[in-house]
Amino acid sequence: MSYLRTLRTVALSARRLPSHTYREHALLTSPQWNNAGVQGFLPPSPVRQFSYEATVTSIWQSISQSTPVAYVQHGMIDFHDFTGLPWWATIILATVGLRTFVTLPLAIYQNKILARLEKISLEMPDIIKELKMETAYAIKKFNWSEKEARIMYNHSLKKQWNNLIVRENCHPAKTMVLLWGQIPLWIVQSVAIRNLVSLMPDPTAIEAQIAYTELTMGGFGWIPNLTELDHSLILPVALGVINLTIIEIQAASRTKLPSKLQTIFTNLFRVLSVVMVPIAASVPSCLCLYWVSSSAYGLGQNLFLLSPRVRRAVGIPAVPSESSQPYQHLYHNLTSKFSALSNRFSSPSPKV
């Protein structure tokens, strides 16, 4: 039996080799070569070539077969079977549930950190004034040079700022906590839905085949089959509009002038929102439906957390930059921006 298994292995592997290596492969795998211990011939070392497609495929398979994706995928199937809802409603409710229990608490926590950072920044002018007085006194008493005084001043200022951060437990890195939670969740659920369409990770499993069949009949309105593209482009365009609305609301709700970095990121996200439209038009409509549902939830979440009453209820402290009437402030800024844009495009071009 072992001899037949060896012959079968040699035959299968020989099919993948070019014709000029058949003889070397047979010699290297023969019992005579292994037993004789011939030292005069070395097999040619294989040359590994980088393949972009193979690398992307390997990364995709690793993600699609990961444990978080499996939990979300089976959880959606179990939720669909338990409720008896069509798949379009299952995707929307699963999105709302996951974002409510994952991203909403992170968004509240991030707003708390931002408020604490703003509050401790209000203490810095008095600290800076005191440090300048101490530095001036030290220059006279210890005969410090200007360079030594500047080094000690910067060191003391940084130490005082770090003490305030430790006191309020509001490290600036925590202001990115929402992205740390939202982006992995978005990727995991997107891959899980894609697995349902692709019958991954096991196309022969009955559960995967049943889920795929139900997706073909679990659509709504103009999309009866969720495994097909949205040829009407309603969902892809809605995705772009909602994402752009979120960006404009975040920009218009600021009460301070944006920094240069904030302006760069705002413009970058505007471009990404437009780029996502053709991408969404090229994926199955069930995946595009998830993206639209997730973005719509994000829009509601941003508007919800603008309310001062809601912010106090969830423990976000009041800060000077917070508007007492945020929705009126938002409406005024958006209308001013749109009127400026309309006047710009409607004004006649100057004649040369």
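These legends accompany close-up views of a predicted model.

**View 1. The whole chain, by secondary structure.** The chain has 16 helices and 0 strands. It holds 352 residues, of which 32% count as buried. Take the contacts between residues at least 6 apart in sequence: 72% of them join residues at least 24 apart.

**View 2. Helix α6 packed with helix α7.** Helix α6 covers residues 87–101, and helix α7 covers residues 103–121. The two pack at an angle of about 35°. Their axes are 3 Å apart.

**View 3. Residues in the contact of α6 with α7.** From α6 come Leu-98, Arg-99, Thr-100 and Phe-101. They meet Thr-103, Leu-104 and Pro-105 of α7. By class, the residues of this contact divide into 4 nonpolar, 2 polar and 1 charged.

**View 4. Arg-99, a buried residue with no salt bridge.** Arg-99 sits in helix α6. Its burial comes without a salt bridge. The nearest side chain of opposite charge belongs to Glu-248, 18 Å away. A salt bridge needs a side-chain nitrogen within 4 Å of a carboxyl oxygen, so Glu-248 does not qualify as a partner.

**View 5. What surrounds Arg-99.** A polar atom of the Arg-99 side chain lies 2.7 Å from the backbone oxygen of Ser-294.

Methods: Residues are numbered from 1 along each chain as its sequence is written. This is a predicted model: local features need pLDDT of at least 70, side-chain atom pairs count only at pLDDT 80 or more; totals for chains, interfaces and linings use all residues. Side-chain values use heavy atoms; hydrogens and water are left out. Axes are lines fitted to C-alpha atoms, for helices over the stretch in contact, and angles run from 0 to 180 degrees between N-to-C directions. Helices (H or I, at least four residues) and strands (E, at least two) are DSSP runs, numbered from the N terminus. Contact means heavy atoms within 4.5 Å. Ala, Val, Leu, Ile, Met, Phe, Trp, Tyr, Cys and Pro count as nonpolar, Asp, Glu, Lys and Arg as charged, and the others, Gly among them, as polar. Buried means under 20% relative accessible area, exposed over 50%, partly exposed in between (1.4 Å probe, protein chains only). Lys and Arg count as positive and Asp and Glu as negative; His and the chain ends are not counted. A polar contact is a pair of N or O atoms within 3.5 Å; within protein, one must be able to donate a hydrogen and the other to accept it, and residues adjacent in sequence count only if both atoms are side-chain atoms.
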